[in-house]
There are 2 protein chains.
Amino acid sequence: MKMLSGHSNADGSPERLNRRRFLVAASAGLAGSALAESATAESLADVPAREPGADLSGFSARSQYVKISRIPEAGPGRRNIDPSEAINSKAPLQDLVGTITPSDLHYERSHSGVVDLDPARHRLLVHGMVERPLVFSMDDLKSMPAVTRTAFLECTGNGWENWKKADENVTVQNTHGLVSTNEWTGVPLKFVIGLLGKDPASTWMLAEGGDAAGVARSIPLTEEILDEAILAYGQNGEPLRPAHGFPLRLLLPGMEGNLNIKWLRRLKFGDQPWMTRWETARYTQLLANGKARQFQLRMETNSVITQPSGTMVIRPGRNRITGLAWSGHGRIAKVEVSTDGARTWQEVALTGPALPKAQVRFQLDWAWDGKPTKIVSRSTDEKGNVQPDRKSFIAAMGTNALFHYNAQQTWGIDESGRVRNVLD
Amino acid sequence: MKMLSGHSNADGSPERLNRRRFLVAASAGLAGSALAESATAESLADVPAREPGADLSGFSARSQYVKISRIPEAGPGRRNIDPSEAINSKAPLQDLVGTITPSDLHYERSHSGVVDLDPARHRLLVHGMVERPLVFSMDDLKSMPAVTRTAFLECTGNGWENWKKADENVTVQNTHGLVSTNEWTGVPLKFVIGLLGKDPASTWMLAEGGDAAGVARSIPLTEEILDEAILAYGQNGEPLRPAHGFPLRLLLPGMEGNLNIKWLRRLKFGDQPWMTRWETARYTQLLANGKARQFQLRMETNSVITQPSGTMVIRPGRNRITGLAWSGHGRIAKVEVSTDGARTWQEVALTGPALPKAQVRFQLDWAWDGKPTKIVSRSTDEKGNVQPDRKSFIAAMGTNALFHYNAQQTWGIDESGRVRNVLD
């Protein structure tokens with residue numbers, strides 16, 4: 001940022017840009033003068049001549065200058081793999097701005113690859129403890145009243161990278177890339193239940209996917225779930241993408257990702273959980289005392305600083321700290337940031353309204369003095385849940401569990417400005 | 001939608017689907033029994049065996065079954081053109097669900113093609129009636145406090161297809177495809193103005209684009225604009241796409257599209273409009289009395305039914321009517337739909353919260369009796385502005401003007417169920 005000629009230009013030339021660092025920033029509320037690279041008269045003159053651009057087309061492509069992509073992985077720390085080994089693909093949190101995740105960059109966790117089902121042949125069977133078992137086509141579902149809402153989805157394994165140890169040289173995409181926020185559209189589960197004549201004694205629902213793995217989960221029919229569950233066919237305004245369950249998925253705002261069954265083909269109503277292998281073998285928490293915790297379903301209060309974050313390099317002076325906060329329990333009420341390794345905290349600003357069970361972006365203007373330090377965020381939701389520090393979290397959960405990691409994320413910064421993943 | 005066996009199955013076979021039309025719908029609040037194609041036992045058996053899907057990847061592609069695209073045009077009615085002639089590209093409203101428009105399908109209006117500027121070399125010059133003229137790099141701007149909000153953009157020429165005559169065989173993409181809604185992120189103009197020391201006597205701002213056309217518009221610095229204007233670098237969570245102004249555009253929620261200068265390179269502060277050719281020659285309204293109206297800048301209260309809409313064919317019985325409503329003046333307060341050619345109206349449901357200056361989706365469950373009729377929507381915003389019928393609109397504006405068409409959109413339906421674009 002450079003001051004133009006005409007007012008306090010050092011060399012007095014009216015047509016020339018001033019090379020001095022822009023110092024007005026401090027007086028205008030910016031902390032420090034170290035804004036990124038300065039413009040010079042030469043660099044402005046160097047801006048290419050304006051030429052006609054490419055033809056208009058059916059789709060707006062990304063800029064050639066924007067390098068942004070998910071990272072397929074084969075499990076915790078298993079990167080640089082053969083694509084056929086991938087079990088998830090992480091969202092590039094460090095490159096995102098705002099709160100919505102573009103549909104093609106929404107994180108993915110799939111258990112038997114990405115199937116592309118024919119919507120004309122797809123059916124949803126609803127049966128069990130109901131008066132009228134039914135089969136719906138996609139046309140049936142699309143002719144029903146719909147709702148549209150924004151909600152995050154998070155893989156219950158998000159954060160497992162840091163459960164036992166910290167790899168210093170990973171990005172926030174590696175540590176936290178299994179969470180995303182989209183606008184979802186579909187039929188309220190409640191509307192479909194109204195058609196079925198559900199037995200009031202039915203308190204559980206089995207949801208089964210149409211992929212080869214046939215992922216199936218038992219879902220407790222609490223009031224909160226009955227109020228919010230959606231049979232979703234739309235994602236950010238367009239049909240679901242295959243990786244996210246096209247043509248139909250279950251959406252349970254705030255609940256762990258694998259419950260939001262993709263390629264949804266069956267709902268069965270009953271009065272107890274089905275104890276599928278997905279809830280006995282896979283998505284069960286091994287606690288410190290050796291017992292297993294089942295049906296830990298709601299995602300916790302969480303947050304992470306996305307910039308600056310792992311592998312980035314910052315410079316002394318003013319830096320904007322920004323990141324994302326979310327909670328499966330409702331709205332984010334408050335985000336605090338510490339720039340001195342969790343000794344002192346300050347409440348920071350949100351860039352927009354906090355929606356229930358959606359990510360919200362926070363930000364802080366920070367003047368870095370160039371000395372080694374640690375930065376960390378913690379969120380509090382409207383129910384009063386506070387994101388725990390890592391020591392408390394490990395004390396409560398032990399190190400055998402794999403899921404629902406929501407400890408505070410600390411980034412270490414050394415004297416060279418290099419940002420590293422550290423445990424606390 | 002079919003009733004399963006076991007309760008009231010006509011042939012008594014417990015494993016077979018019932019072929020009868022699903023009649024429970026009516027008792028459950030669905031009007032009529034004519035839901036789309038019915039499932040049969042055969043069609044369910046016909047569902048392909050579940051096979052492993054494609055490998056996970058860096059991006060979630062669209063389904064092969066989803067045919068969705070914008071339509072490049074060369075001006076009103078000039079379709080099926082050579083791509084080099086295109087001046088706009090219309091959003092596929094009939095295929096969208098929810099309220100967000102995917103970034104690659106956001107409508108586009110460009111005056112000299114799509115330039116892909118190098119963000120490392122791009123600069124924003126701010127000067128004129130200010131104490132401190134400044135030049136900002138993109139790094140400078142991204143280090144400043146940001147805001148995130150959802151807002152629609154609309155080309156001031158949206159609807160011109162129907163100004164003088166109606167082509168019966170066009171889609172809603174043809175008639176209304178120059179409006180879209182995205183989540184936008186960037187620096188509040190107010191923050192930048194605070195850095196500059198704007199002369200209080202400055203009441204206008206010139207904004208100039210970095211494309212070859214150098215589109216430049218004079219913007220009155222009203223309180224509303226000062227409160228809402230954003231120097232935007234983010235669109236639906238990712239960097240702007242080149243077609244939408246990468247790396248920087250002006251965002252003026254509620255104001256006509258061309259004011260939201262893309263590829264923003266200059267802001268100049270003054271005390272009167274600059275009378276650029278864009279506001280003298282191009283974006284001026286020729287009124288019925290032969291006088292020209294300049295600076296009609298705010299987009300009006302508007303709505304359109306997107307389904308069923310032009311060229312679709314519906315069947316007697318239950319049909320879901322859905323569409324979009326928006327207003328440059330604020331939130332949509334109410335949407336009404338008539339299914340009898342504007343003789344009677346009923347207020348209809350919204351699928352989600354109405355955000356200020358953003359599109360909201362409305363819906364109505366409608367039982368079509370199979371007789372020819374016309375369907376039409378009208379919106380009312382929180383300021384009390386009501387979308388006019390076409391006769392009133394033409395009486396007020398004449399037929400010489402080209403911009404700010406917001407008359408009610410009527411779709412005619414004949415006895416075969418074919419939906420046609422009609423004027424009223």
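Predicted model: local features only at pLDDT ≥ 70, side-chain atom pairs only at ≥ 80, totals over all residues.

Me: How many residues of chain A are in contact with chain B?
Reply: Contact here requires C-beta atoms within 7 Å. On the side of chain B, 109 residues take part. By class, these comprise 46 nonpolar, 36 polar and 27 charged residues. Their counterparts in chain A number 109.

Me: Which strand of chain B gives the most to the side that touches chain A?
Reply: The side in question belongs to the contact between chain B and chain A. Four of its residues come from residues 134-137 of chain B, and this is strand β6.

Me: Why do the copies meet through the same surface?
Reply: The interface residues of chain B can be compared with those in chain A. The copies meet through the same surface because the share of chain B interface residues that are also interface residues in chain A is 99%.

Me: Is strand β8 of chain B mostly covered or mostly open?
Reply: A residue is buried if 20 or more other C-beta atoms lie within 10 Å of its own. Among the ten residues of β8(B), residues 179-188, nine are buried. The strand is therefore mostly covered.

Me: Which residue of β11(B) is the bridge partner of B:T185?
Reply: β8(B) pairs in the antiparallel sense with β7(B) over eight bridges, and B:V147 has B:G186 as its bridge partner in β8(B). With β11(B), β8(B) pairs in the antiparallel sense over five bridges. There, the bridge partner of B:T185 is B:G234.

Technical notes. Residues numbered from 1 in each chain as written. Chains lettered and ligands numbered in written order. Contact = placed C-beta atoms within 7 Å. Helix = DSSP H or I, 4+ residues; strand = E, 2+ residues; numbered from the N terminus. Nonpolar A, V, L, I, M, F, W, Y, C, P; charged D, E, K, R; others polar. Buried ≥ 20, exposed ≤ 12 C-beta atoms within 10 Å, placed from the backbone. Pairing = 2+ DSSP bridges.
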